[in-house]
Each structure stands twice: as C-alpha cells, then as structure tokens.
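Subject: Structure handover

Hi,

Here is the structure I promised you. Please open it first, then read my notes below.

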Amino acid sequence: MTRFNWFNTTTLTLGFAFLYLPIILLMIYSFNESRLVTVWAGFSTRWYQSVFFNESFMNAAWVTLRVGFLSASIATVFGTMAALVLNRAGPFTGKTLFTGMIYAPMVMPEVITGLSLLLLFVSLDFTRGFWTVTLAHITFSMCYAAVVVSARLATFEKDLEEAALDLGCTRFSAFMQVTLPIIFPAILAAWLLAFTLSLDDLVIASFASGPGATTLPMKIYSQVRIGVSPEINALSSILIAVVAIGVVTASLVTKQAQLKRMKEERLATNAS
Amino acid sequence: METSVLTQPVCKFAPWDNPAQKPLVRFENVTKKFGDFTAIENLTLNIYEREFFALLGPSGCGKTTMMRMLAGFEYPTTGNIALANTNLQKAPPHKRPVNMMFQSYALFPHMSVEQNIAFGLKQEKTSKAEIKQRVEEMLSLVQLEPFAKRKPHQLSGGQKQRVALARSLAKKPKLLLLDEPLGALDKKLREQTQFELMNIQEQLGLTFVIVTHDQEEAMTVASRIAVMDHGKIVQVATPAEIYEYPNSRYSADFIGDVNIIEGKIDVTTGETASLNWAEGETPLKVSTKQRPNHGTTCWLAVRPEKLRISKEKPENADNCIKGEVWDIGYTGNISTYHVKASNGSILKAQVSNREHLADRPITWEDTVYIHWEKGAGVFLEN
C-alpha cells in the first residue's frame, strides 16, 4: 500500500489548489507591469515601490499596528485573568454564567458586536477614532486569549504552585515566579492570536472607527470598491509574506526545542 | 521472636513513652469536612521531635488531608493543630516552618537543579553566599553534585526524587512532610531509597512525617505508624507493636498477612481465654489480660509464620487444627500452605524453605495439623 496513490494525490492537489490558488494568483499579479489587474504585461516590482511611497497606506498600516499591539496586550492581560478565575477559583455562584459570558463573544456575529459597540460609543458621546477601535478590539479578542490561556492552565500541575507556597512564596509571588514563566508560551500564543485578529478585523473596526483612524483592512476594502489596483496586490503579498515567515519560524523553533527536549529526556532515562 | 518488643535496649528512642516529653506536633480534636464529607473525625495525635512518623491507610482514609493541614493547604473545620507549642490556626503555608516533598516531586521545570534547591532560601532573602553554600551542602547530601546545572527533564526518576528531597530540606524545616515520596520509583530503587531517607533523617536530626499506603515502606522507615481508616486513627504504635499486638482486626489485616478466626468465648481462666470457633472442635486458647464474658463474639489473630505445620498430630500443643492442604504458595524463600479446616475456613501457615524442594514432605491434599502456642496469637475484641 503506497501513501501516494492516485486518489490521495488528487485530493491533496485539489485541496491545496482550493486553499491557495487565489493567494498565488494575487501574488503573481503583484509583480505585473501592467496597471490592469487581469492582463499580464511582464515582470516588475514597481507596485511594491509605490506602496511604500503611498502615504495613506503607510498611515493605515501604522494605525493598524498600534491598535493591534495595544489591544492584543490589554486583551491578553484580561484574558489571562479570566482564565485564572475559571481554572483556579473553584466552584462559585454564577461560575457557569461567567464562563458562558466569557466565551460568548466568540460566537457573536461581528456585525452585532460592531453595531452594539457603535451604539455604546454614541450614547457615551465618545469621539470615534483610534481609542474606540482599540477598545472594540480588546472586547472581542479577550475571549480568544482567555480560551488559549485556559487550555494551558487546565493541564498545569497545581502541585507546582503549592510547592512554591510551601517554600515561602505568597500567592502573588508564586504566580510570578512559577506559574507565569511556565505558562508564558501560552500567553505569548494568546497575544499573537489577539494581534492577528486585530490586524485582520474589518467589520468591527468599520463600526467603531472614525475619521483619522483608518486601519489597513478598511483602507484595502475602500480602495477595492473604487477599483482593484496592483498596489493592493503588492500590499497584500507583503502581509502574506510577513505572516508566513512568522508562522514558519515559530513552528520550526518549537519543533527544534521539542526534539532537543525529547533527546535529553531519553538520555536521562538511559543514564540511570 | 515475638519478644522483640519487650527486649529492646533500654536507651531506645521512645519519646512517646515519656510523659514529660512535649510533642512537636499536636492534633487536638481535629475535624475536617469537605461539604458533607467528613475527611477527618475528631482526631487527636502527638508527634515527637526526631520521629519518623508514618500515616498509613488505604486511599481516602484521610492521611493526605492530615498532611495538607500540616502544610497549611487546608485548615481544620474544628479543633487545633499546634507545632512546637504554637497554635497554627490559619497560618498560610509560607508562614510555617514546615516543608513538603510532593508525590509528583513538583520540580519547577524552568529552573535548574540548583535553582530549584535555592528557591526556598531565595524567598527568605538569604544572602547569595549563604544560598550557594547551602545548595552545595544539599547537593552533596543527595549526591547530585554533577547534575547541578541540569533541568528537571534531564534527570531520571530517582534523581528527580532526590532533587525534590534536597529542595524540601534546604530551609531546614522543623517538620518535613513526605507525600508518598517513593511511589513513582521501581521496587529495587524504592527499597534502596527507603534506607537513604532513614539515614538522612537520622543525620539531620529532623522530624519526618510520611504518608503512604505501602505497609512495607511504613514498617521499614517509621519509628511509629498511625494506621488510619475513614478519617480515624485505628492504632498508633511502633511497627513491631502493630505487627505483634494489633488492637483490631483492621490493623492486624492492614499490616502484613494474618489469619483471623472468629469465635465465641467459652471460658476465661487466669490470663487465658478459650474460644469456641467451630462445631465439634477443641476450643482455641489465647493469652489475654481481658476478662470477656462467656458467649461474647471475638477474634483470634495469628500471623502465618507463627503457625507450625506437620503431618503427625503434635503432642501438648496449646492449639491444634486438623485440615487438608488446599494450596501452596511458593515464593522461593518461603512456602505458604493454605489449609482448609473442618468448618471450611482457610488458614495460612508459612514455612521458610531451609531444605531443598525434594526434602519437603507436605504436598497438596495431605492431611496436616496446624499448631501454635497460646502466646503466639492475639485476642481481639473488635
């Protein structure tokens, strides 16, 4: 029995094509000389240059990064706190309700989240702009952070915290010295997820934003409505490349660390 | 052999027999409830300085709860726990001069062996030089000097166990708690480590409290054992006393192998009671200072190795039961004969195999006589 018979090969090819053909097309056309998106007129990198000289794109990118960084950081802190309560507090009245309410924004339609935030900001008379987008992003990405950290805490050995208490730590210093360093990879993962969600978001940002705070997805969307320019292709290809490099590096590093650890564990058991 | 308790040297370590001695740990009418479940029920217990005290019992008997109350992870619902004459009240774990070695070892995975050992000292703001010296002492105590820089995942099970021990000893606690400390080791390593633990305890002159469900481990390491059942202490005594003079069927049965024969009192003459145990059989004699009434139901417990087995009816034996060899358990050094008596009950008699296999005359379905002296058995009222 071969692993690559005709059936497997076909399904694999079709699957990958389905997933990645649009993206590959987009990347190919970003190198197109022509201003027309659908007609190939030779290889060129001029659209990449023009992206970097396009001030409105650069402004939007800068806003997006700031919103992403700030909202991911705050959402991770809040998400971690929520996860700690869910895993550590033991049974308390209203725990099920609390759990449900933390996870609810994940299944809430974005349009509704966006609209309700807009209504809130209007009724509170907030000037819509950078801060309202950041607040909105904290609200919806916090639950994802809570889920990621909570999954890690569920397998965290409670003995470790108790050992720290037993050796003279207060609850807070036990958390800082033992729990936090151990769950740190999960917190980092939660931050990355929140950051990506914020970079990616169009719907909620459109509701919560105001003049002067256009994020990159909003910018791309509004440009496309006027007409697809090869600049958009170039910009999108840059985003894809950044994300791909990040993901591949992260998984290679994790894999390496895992292999090293397994090898060391094997050595330790054999040595005894 | 059964006189060992009585003939121990006079200078033996037995602070519990000295009424002037103040206990290090005192449980006073401690009750612990988890919701409706009572884990510990009105328990009073003294543990003395330099003791190696074992809490022994099946899972769910409350032994771990006792230990967690000493460590400060749980507080008694009612009653008091005092350590060195100070009432612990609701002192949190980090304010108690008590350290604990966890069953899972609970080594901090992100720290090296020496950082793990130094962790407790660092919390006390001990000077760097002192921490360094103390860590070195601990490493040499558990013979792990070459492994100081390793992370826990780079150690074998036995090495992890020793790091956990070193870490819990680093702060020189008044009391060290060991929660099933050898449970994760294989049998050979476990036996070896038991003696290491005893040596370390003696060398440092500390008080150890060990929680275990392994009666052999408790017998080997402990100065005294508390046998526990359902949140209560059944018996507290030295291993030899518990083995030779159990106070109930529960502790007789929990420690070692035992034959328990139920009967009703026939007569009590002097310090000997006779038990009617089966229709048409001679009553069994057992030494006791109790004066139970005629007809009271009670029990005779006798260890398998104290029974003798022969093919001929012995003369002048205090107790003799005729039976048929039902089964033979052979474990190399000893053979255990399971003998079926006239009333259908099975008695176990253990014989050490001094002769070669061919010279042992008793085999399956032989009619044999089991006999023992009245002093070899123990009279039990519950």
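How many helices and strands make up the secondary structure of chain B? The count is 8 helices and 20 strands. Keep in mind that this is a predicted model.

Chain B overall

Chain B has 382 residues, and 50% of them count as buried. Its C-alpha trace spans about 80 × 50 × 45 Å along the principal axes. Now look at contacts in chain B between residues at least 6 apart in sequence. Of these, 66% join residues at least 24 apart.

The surface and charges

Chain B carries 46 positive and 45 negative charges.

The cores

The largest nonpolar core holds 53 residues. Which of them touch the most other members? They are F27(B), L55(B), F108(B), L175(B) and L177(B). Chain A takes part too: its helix 8 (residues 171–200) gives this core its largest share, 7 residues. There is also a second, separate core of 44 residues. Among its members are L155(B), L169(B), F208(B) and V221(B).

In chain A, F108(B) is in contact with L160(A), A163(A), A164(A), L167(A) and V178(A). In chain B, F108(B) contacts N116(B), F119(B), P152(B) and R167(B).

Best wishes

Terms used: Residues numbered from 1 in each chain as written. Chains lettered and ligands numbered in written order. Predicted model: local features only at pLDDT ≥ 70, side-chain atom pairs only at ≥ 80, totals over all residues. Heavy atoms only, no water. Core = buried A, V, L, I, M, F, W, Y, C linked by side-chain atoms within 4.5 Å. Buried < 20%, exposed > 50% of the residue type's maximum accessible area, 1.4 Å probe, protein only. Helix = DSSP H or I, 4+ residues; strand = E, 2+ residues; numbered from the N terminus. Contact = heavy atoms within 4.5 Å. Lys, Arg positive; Asp, Glu negative; His and termini not counted. Charge placed at Lys NZ, Arg CZ, Asp CG, Glu CD. Lists of a residue's contacts leave out its neighbours within four places in sequence.
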